[in-house]
Amino acid sequence: NHERLYLNTLIVSSVIFVFSMLVLSYKYADTGASLAIIITELLMLIMNYNYVRNTSGHLLVFDIRSFIHAILGASLFIPVIYVIRRAIHSHLLELIGSILACFILYMLIQTFVIRNDIMLSLRNIVFRRYKKIMNFF
């Protein structure tokens, strides 16, 4: 019954986002807009973390294993995007290629390295359907 606290976080972060977006994007263009998003998300994370710790002390908020998985997974995108930027010179094709490559890489990491339960279930469903199709022919 602490929804107002989280609504408070949303309102405060929205106001800060609009202000920082206007200031930073005017001065630094798209880099400033990205910084405004990062600043706002960090502020919202810190505020929500404090609210959860104060209202639900028994709840596990931070799992180091999940944090390490997220950092390692995100760091693998950097060389993929770097290679795509070197290979493709069209901005639209670069964007589409980066999104597709990172999506595929993320799914592979979640399925075969981290072994996420949802991804393993999805993999099993896909393999079963593939076997049914192959048996049909």
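User: What should I know about the model before we start?

Analyst: This is a predicted model, in which local features need pLDDT of at least 70 and side-chain atom pairs count only at pLDDT 80 or more, while totals for chains, interfaces and linings use all residues. Residues are numbered from 1 along each chain as its sequence is written, and side-chain values use heavy atoms, with hydrogens and water left out.

User: How do you know how many helices and strands the protein chain has?

Analyst: Helices are DSSP runs of H or I with at least four residues, strands are runs of E with at least two, and both are numbered from the N terminus. On that basis the protein chain has 4 helices and 0 strands, and its pattern along the sequence reads α-α-α-α.

User: How does the radius of gyration of the protein chain stand against that of a compact globule of 137 residues?

Analyst: The radius is taken over C-alpha atoms, and the globule rule is 2.2 Å times the number of residues to the power 0.38. For 137 residues a compact globule would come near 14 Å, but the protein chain has 21 Å. Along the principal axes, its C-alpha atoms fill a box of roughly 60 × 45 × 25 Å.

User: Why is S13 called buried, and where in the chain is S13 found?

Analyst: S13 is found in helix 1, which covers residues 3–55. Buried means under 20% relative accessible area, exposed means over 50%, and partly exposed lies in between, with a 1.4 Å probe and protein chains only. S13 has a relative accessible area of 2%, so S13 is buried. Leaving aside neighbours within four places in sequence, S13 is in contact (heavy atoms within 4.5 Å) with T40 and M44.

User: Why does S20 count as buried?

Analyst: S20, also placed in helix 1, has 9% relative accessibility and therefore counts as buried. Not counting residues up to four places away in sequence, S20 touches S25, A36 and T40. For the protein chain as a whole, 18% of the 137 residues count as buried.

User: What does the side chain of S25 reach, and how far in space is S25 from L60?

Analyst: The side chain of S25 reaches the backbone oxygen of M21 at 2.4 Å. S25 and L60 are 35 residues apart in sequence, and their C-alpha atoms are 37 Å apart in space.

User: Why does L22 count as exposed?

Analyst: The relative accessibility of L22 is 58%, so L22 counts as exposed. L22 lies in helix 1, and its C-alpha atom is separated by 8.8 Å from that of A36, 14 residues away along the chain.

User: What is said of the phi of A29, and why is A29 called partly exposed?

Analyst: A29 has a positive phi of about 60° although it is not a glycine. A29 is placed in helix 1, and because its relative accessible area is 44%, A29 is partly exposed.

Note on methods. A polar contact is a pair of N or O atoms within 3.5 Å; within protein, one must be able to donate a hydrogen and the other to accept it, and residues adjacent in sequence count only if both atoms are side-chain atoms.
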